[in-house]
Amino acid sequence: MRRGDQDRTRGPGRPLTACRRLFDALFLDRDGTLIAERGYLSDPSGVRLSPGAAAGLKRFTDAGTLLFVVTNQSGIARGRLTWDDVNAVNAEVERRLRVRGVPLAGFLVCPHYPGGTVAAYTRRCRCRKPGTALHRRAIRAFGLRPERCAVVGDKWDDVGAAVALGAAAVHLLTGHGRSHRRAVEEKAPGTILARTLAEGLARLEALPQSVKAGHPSP
Ligand SMILES: [Mg+2]
Ligand SMILES: [Zn+2]
């Protein structure tokens, strides 16, 4: 990776601000994207980080990009998961990345589903992806520029949110990615497709490099 090579040649004493920020924030899907898809995962010991996730994401956080995990957890509305289950898994994801030097800025969780069985969460909402209420909450709270953000996920729901936000989109073929590929290609032809999270992150890193070619840095 070009960027990694640059980082190594900066030397240990140089501040991280010398490193060009690629994006204000990444909005990462959790299941099938950041961790292996397990279907209503309630046990933190079932967390399997996607191969290369920590190394790939560290290049972004080292450059000042914030990482948010945006996740539809309809299992709460369906009575398959409790908030405690979801929070425990999220805490494990956070811990596993933190020990590898990758801080997460926050988890944004939609517990709703129109066809649920738990009355409190059985409804249409604006936060279930492709809704963007959760992304917009972070954008407001952290002063992010949506056009300087990117969404990474394995479903049309993730890409659809990116389109609504005006953010870059990466569709992964992990998790449910293959069954959502056609919808993504039909509805959002500009979406970056990648076989793995690591590849998707590398493709995102390459984007600003090509833009930069036409706009030399001062
Ligand atoms: Mg997913
Ligand atoms: Zn919701």
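Mentor: Start with a pair of strands: β1 and β2 run parallel and pair over four bridges. Strands count as paired if DSSP finds at least two bridges between them. Strands here are DSSP runs of E with at least two residues, helices are runs of H or I with at least four, and both are numbered from the N terminus.

Trainee: Which residue of β2 is the bridge partner of L26?

Mentor: L67 is the partner of L26. From β1 the chain passes through α2 to reach β2, and this β-α-β crossover is right-handed. Right-handed means that, with the strands pointing away from the viewer, the path from the first strand over the helix to the second runs clockwise.

Trainee: Before I go on, is this an experimental or a predicted structure?

Mentor: This is a predicted model, in which local features need pLDDT of at least 70, side-chain atom pairs count only at pLDDT 80 or more, and totals for chains, interfaces and linings use all residues. Residues are numbered from 1 along each chain as its sequence is written, and chains are lettered from A and ligands numbered from 1 in the order in which they are written.

Trainee: What is the mean pLDDT of the chain?

Mentor: The mean is 90, and 86% of the residues reach 70 or more; pLDDT is the predictor's confidence in each residue, from 0 to 100. Over residues 1-18 the pLDDT is below 50, and this stretch has seven contacts in the model beyond near neighbours in sequence. A contact means that two C-beta atoms, placed from the backbone, lie within 7 Å. Residues 210-218 also stay under 50, with one contact beyond four places in sequence.

Trainee: Back to β2. How many of its residues are buried?

Mentor: Seven of its seven. Buried means 20 or more other C-beta atoms within 10 Å of the residue's own, exposed means 12 or fewer, and partly exposed is in between, with C-beta atoms placed from the backbone. L66, F68, V70 and N72 are buried on one side of β2, and L67, V69 and T71 on the other.

Trainee: Now helices. Which residues of α7 are buried?

Mentor: G177, H180 and V184. They are on the same side of α7, because they cover an arc of only 70° around the axis, taken from the directions from the helix axis to the C-beta atoms. The buried residues of α7 pack against α6 and β5. The face turned away from them carries the exposed residues R178, S179, R182 and E186.

Trainee: Why would spaced-out residues share a side?

Mentor: An α-helix has 3.6 residues a turn, so residues three or four places apart point the same way.

Trainee: Next, the loops. What about Y40?

Mentor: Y40 lies in the loop between β1 and α2. Its phi is positive, about 50°, although Y40 is not a glycine. Y40 is partly exposed, with 14 other C-beta atoms within 10 Å.

Trainee: And where is P130?

Mentor: P130 is in the loop between β3 and α5. The peptide bond from K129 to P130 is cis, with omega near 15°.
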